[in-house]
Amino acid sequence: MQRNIDDPKHQVDVIYLDNVKEDQYESGGRTDIPESIRNLSPEERKRAEKALVRRIDLRLLPMLVLMYIMNYLDRNNIAAARLTGKLGLQKALKMNDTQYQTCVSILFVGYLLMQVPSNLLLNKIGKPAIYLPTAMVIWGVISACTAAANSYGGMVAIRFFLGVVEAAYFPGCLFFLSCWYTRKELALRTAMLYAGSLISGTISGLIAAGITYGLDGAKGLEAWRWLFIIEGTITVVIAFAAYFVLPNLPRTTPWLSDFERDLACERLREDVGLDDWTSSEDQTFFHGFYLALKDPKVYLLMACATGIVSSGGVTNFFPSVVNTLGFNKLDTLLLTAPPYLLAVITVSTNAWHADRTGERWLHIVLPLCVSILAFILAAATEGVGPRYFAMMIMPGSFYASFVVCYAWISNSLPRPPAKRAAALAMINAVSNATSIYVSYLYQSKWKPRYVFAMSFNVGTALMAIIAATLLKVMLVRLNKKLERGEHVEGAVIGEGGAANDAASKGGFRFLH
């Protein structure tokens with residue numbers, strides 16, 4: 001339950017847990033550690049934890065990455081469909097530029113509306129192994145049905161409902177990962193998950209090029225229709241496989257032994273001084289949302305993520321931007337692949353180093369500085385070489401900052417899980433709402449340099465840098481309060497205000 005405490009300096013909200021007893025702490029140490037773990041030597045504990053993390057990685061990450069590849073393909077294949085076949089989607093449906101851009105942006109309206117309710121529901125039921133694949137089956141069917149669109153209105157309706165269902169996946173995955181990994185493991189795992197979107201960007205153009213070359217007109221269907229049918233069908237097949245591979249949460253996963261289950265839960269508890277998801281009955285649907293709304297860290301993280309996602313909106317039109325280099329459609333689709341291959345390397349390296357050092361701010365700001373350089377270069381020249389160089393470094397730079405920013409959300413808002421789930425969904429929803437207006441920045445009349453769009457991207461990248469800097473300052477101050485023994489929102493103290501702050505005893509500090 002939650003109470004207000006009158007502090008001489010300020011009033012803060014502190015979470016009390018009735019089940020945190022004073023006798024759980026003796027001589028500064030906890031006595032409620034599971035018996036299977038308590039007597040392990042440091043070397044044995046380290047080996048056991050390393051083996052457990054390796055097993056979790058192998059079970060979670062390959063399937064989550066594969067699912068995210070299809071999530072991103074099904075969401076953004078409309079960009080490749082615009083150039084696929086003799087006519088492409090836009091000309092085949094007789095849409096003007098504004099109508100096409102509306103079809104792109106309407107997806108994010110549905111995406112925005114459903115993310116917070118979806119994540120709160122996922123936290124409540126605690127069954128990601130069922131929830132996420134079910135959402136995937138539904139969006140795969142909707143994506144395949146895009147091939148049946150014959151009008152602007154039909155395309156708008158399909159894209160809206162695709163966004164509604166796809167809203168469950170990415171914020172759900174971020175919450176899912178935060179339930180299995182410690183704060184210093186999250187950036188790399190978030191990067192590995194997001195590698196799925198980068199891989200999809202790599203293969204999207206290649207798939208579209210192959211379909212244009214081999215299936216345009218087959219069975220009387222244009223190539224762009226085959227693109228939606230093939231990718232939607234693959235999505236459904238992968239979703240059914242995911243039912244048999246994905247686990248639920250550490251406490252509810254049967255393939256873990258009792259020892260592994262104890263270790264998985266204990267290491268998360270030690271990471272922040274408080275247990276994570278325990279049971280469905282313990283999860284409140286709206287209270288976590290309320291806690292997220294009143295935490296100022298949420299709004300700085302939201303501003304940072306919004307600036308990054310807005311700058312990265314260029315990827316929604318990447319084939320069209322690359323097309324301004326003057327190559328034919330097939331070569332253009334092939335040229336979209338190398339920037340995403342480079343991005344996979346850049347993003348993974350940056351996230352690995354962020355986890356290794358426990359540093360967050362610099363790993364967000366430096367890549368954004370590279371993004372700003374790329375945007376300025378793309379707008380300043382019409383030379384093919386310099387502009388393609390700018391396109392090469394765009395995805396890797398802003399995606400590198402993006403994954404560390406999203407890991408920072410779970411790092412800064414670790415408990416309770418309902419609050420973390422709500423905050424992840426809120427931030428992802430608001431940041432992706434930028435795609436609604438970004439869609440109108442890349443109109444054909446402004447090519448090839450898209451000066452206004454690139455200038456706008458510079459501004460939003462600077463906004464992200466400022467927000468990240470302010471958050472760093474705030475977290476440094478909160479850590480100093482923890483060092484002085486002052487209460488900070490989210491700290492756990494015993495019933496009645498006993499001075500046995502679990503977060504303090506566990507050495508909890510915000511990462512920045």
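Arg225 is buried, at 9% relative accessible area, where buried means under 20%, exposed over 50% and partly exposed in between (1.4 Å probe, protein chains only). Its salt-bridge partner is Glu222, with N and O 2.6 Å apart; a salt bridge here is a side-chain nitrogen of Lys or Arg within 4 Å of a carboxyl oxygen of Asp or Glu. Glu222 itself is partly exposed, at 28% relative accessibility.

The model is predicted: local features need pLDDT of at least 70, side-chain atom pairs count only at pLDDT 80 or more, and totals for chains, interfaces and linings use all residues. Residues are numbered from 1 along each chain as its sequence is written, and side-chain values use heavy atoms, with hydrogens and water left out.

The structure holds ten salt bridges. One of them joins Glu49 and Arg267 at 3.1 Å, N to O. Glu49 lies in helix α2 (residues 42-81) and Arg267 in helix α10 (residues 258-272), 218 residues apart; helices are DSSP runs (H or I, at least four residues), numbered from the N terminus. Arg267 is buried, at 2% relative accessibility. Another salt bridge pairs Asp57 with Arg189, the closest N and O atoms being 2.8 Å apart. Asp57 lies in helix α2 and Arg189 in helix α8 (residues 183-214), so this pair ties together parts 132 residues apart in sequence. Both Asp57 and Arg189 are buried.

Leu334 is partly exposed, with a relative accessible area of 38%.

How values were computed: Helices (H or I, at least four residues) and strands (E, at least two) are DSSP runs, numbered from the N terminus.
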